Amino acid sequence: MMRAVLPAAGLGSRLLPLTKALPKEMLPVGDKPVIEHTVRELLASGITDITIVTSAGKDLIRDHFRPDPALVARLRADGRSARADAVEEVGELSRLGRITYLDQDGPYGNGTPVLNAARHHSDEPMLVLWPDDVFVAEVPRTRQLITAYEETGCPVLALMPMDPADSRHYGVPVVEDDLGGGLLRITGLVEKPEPRDAPSAYAAIGGYVITPGIVDELREQAERWYERRTGELCLTDAISAYAGSHTVHGQVLQGRWYDTGNPLAYLTAQFTTALSDPEYGPHLRRLVGEPCTEPYSSPRRETPSCTQGQPER
């Protein structure tokens with residue numbers, strides 16, 4: 001069974017001061033913290049071995065998933081059985097998913113947590129998902145990636161169509177061949193190119209199936225980093241280097257993707273999730289239709305689509 005790695009050691013600097021004390025992975029989207037959406041997605045796809053790589057100040061993530069029998073008992077004694085069931089069910093996720101935690105150790109960059117996790121299972125493919133993303137789909141994003149890997153036996157990147165004008169916010173794949181069904185063969189990634197230089201109309205979003213060969217490439221890049229100690233250790237750099245001489249695929253996903261790592265995207269995720277809620281949605285839709293009672297000056301910026309908004313982490 002494939003394992004999953006959730007890098008959760010980032011500072012959340014794009015959301016400061018909101019994330020000064022509260023980990024960005026614990027920001028609520030609907031009635032769940034964003035990282036819980038990712039954990040549930042993994043479980044729904046049959047992934048039951050989950051490693052969360054954290055850093056100092058992230059204890060709330062463990063606290064959230066840790067079972068709390070005392071709280072459950074108190075809620076039941078107070079007659080709040082529905083609340084007790086909800087708290088108990090969240091604690092059960094850590095058992096169903098066998099959630100383990102690692103402290104991030106190594107160079108700055110999103111490749112480091114993958115290397116940290118690979119110390120324990122580097123000889124097998126791993127799923128890597130950013131825990132500040134929410135993906136809503138009939139078939140979970142994770143299952144779509146696993147299916148692509150099972151068909152090809154090669155590393156797989158999650159892709160979404162993008163507006164070419166937004167290319168400077170993404171890693172953009174160099175597409176070698178369209179294999180049908182949204183499966184593409186890629187030969188590299190260009191990080192945040194200008195629109196005129198973008199090699200395709202797809203964006204690499206948070207979601208990868210990483211194979212041992214890419215882990216080996218990450219190790220080589222880490223060794224070079226320790227020689228010069230500058231820059232970041234980036235997962236996309238390792239994937240791009242590996243794709244130069246090995247087969248790598250991208251899977252264009254079906255569904256809606258929300259990045260919660262910047263203020264506007266986070267508000268968009270909150271807003272659309274609330275509107276789709278059967279209990280709260282109708283009330284909020286009525287509020288949206290009511291005239292404002294106070295003047296409001298909106299920023300001169302269009303609301304991004306569900307495939308936009310993945311700037312640097």
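**From overall fold to one helix pair**

Among contacts in the protein between residues at least 6 apart in sequence, 76% connect residues that lie at least 24 apart. This figure, like every other value given here, comes from a predicted model. The protein contains 10 helices and 13 strands.

The overall dimensions may be considered next. The C-alpha trace spans about 60 × 45 × 40 Å along its principal axes. Of the 313 residues, 46% are buried.

Within this fold, one pair of helices can be followed in detail. Two packed helices are described by the angle between their axes and the distance between the axes. Helix H3 covers residues 69–77 and helix H4 covers residues 81–96. Their axes come within 7 Å and cross at roughly 165°. Because angles over 145 degrees count as roughly antiparallel, H3 and H4 are roughly antiparallel to each other. The crossing of H3 and H4 is left-handed.

The residues that form this contact can be named on both sides. H3 contributes Leu 71, Val 72, Leu 75 and Arg 76. These meet Ser 81, Arg 83, Ala 84, Asp 85, Val 87 and Glu 88 of H4. Sorted by class, the contact of H3 with H4 comprises 5 nonpolar, 1 polar and 4 charged residues.

Terms used:
Residues numbered from 1 in each chain as written. Predicted model: local features only at pLDDT ≥ 70, side-chain atom pairs only at ≥ 80, totals over all residues. Heavy atoms only, no water. Axes fitted to C-alpha atoms, helices over the stretch in contact; angles between N-to-C directions. Helix = DSSP H or I, 4+ residues; strand = E, 2+ residues; numbered from the N terminus. Parallel < 35°, antiparallel > 145°, perpendicular 65-115°, else oblique. Left-handed = near helix turned anticlockwise from the far one by under 90°. Contact = heavy atoms within 4.5 Å. Nonpolar A, V, L, I, M, F, W, Y, C, P; charged D, E, K, R; others polar. Buried < 20%, exposed > 50% of the residue type's maximum accessible area, 1.4 Å probe, protein only.
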